[in-house]
Amino acid sequence: HRLASALRTPLYQKRSGFSLKRADDRLLLQVAARVKDLVVEQVVKDLDRLADAFSLPAEIQYTA
């Protein structure tokens, strides 16, 4: 919830430019290039906290 607020758009909307999923034993946040500027320090911290809650490493992947 806090992560979605920080990104200023719901993660569940396909057109948001964000996708959050578990992949290969990590929590992966995929970010479209058009919204990469929304990924600020607080977003990274929140993603890390969420991943820690699942005992997983976090990763951010930027896509075209």
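This is a short walk through one protein chain, from its overall layout down to a single residue.

Please keep in mind that the model is predicted. The chain has 64 residues, and 33% of them are buried. Its surface exposes about 4,500 Å², with carbon and sulfur atoms supplying 50% of that area.

On to the fold. The secondary structure amounts to two helices and three strands. Going along the sequence, the order is α-β-β-α-β.

Strand β2, helix α2 and strand β3 form a β-α-β unit, and the unit is right-handed. Within it, β2 pairs with β3, residues 58-63, in the parallel sense, through six bridges. As for contacts with a separation of 6 or more, 45% join residues 24 or more positions apart.

The largest nonpolar core consists of ten residues: F18, L27, L29, V31, A32, V35, V39, V43, L47 and A51. The biggest contribution comes from β2, which gives four residues.

I will finish with one member of that core, V31. Which residue of β3 does V31 stand opposite? That residue is Y62. Y62 is also on the contact list of V31, which leaves aside neighbours within four places in sequence.

Terms used:
Residues numbered from 1 in each chain as written. Predicted model: local features only at pLDDT ≥ 70, side-chain atom pairs only at ≥ 80, totals over all residues. Heavy atoms only, no water. Core = buried A, V, L, I, M, F, W, Y, C linked by side-chain atoms within 4.5 Å. Buried < 20%, exposed > 50% of the residue type's maximum accessible area, 1.4 Å probe, protein only. Contact = heavy atoms within 4.5 Å. Areas by Shrake-Rupley, 256 points an atom, 1.4 Å probe, with all protein chains shown as cover. Pairing = 2+ DSSP bridges. Right-handed = clockwise from strand over helix to strand, strands pointing away.
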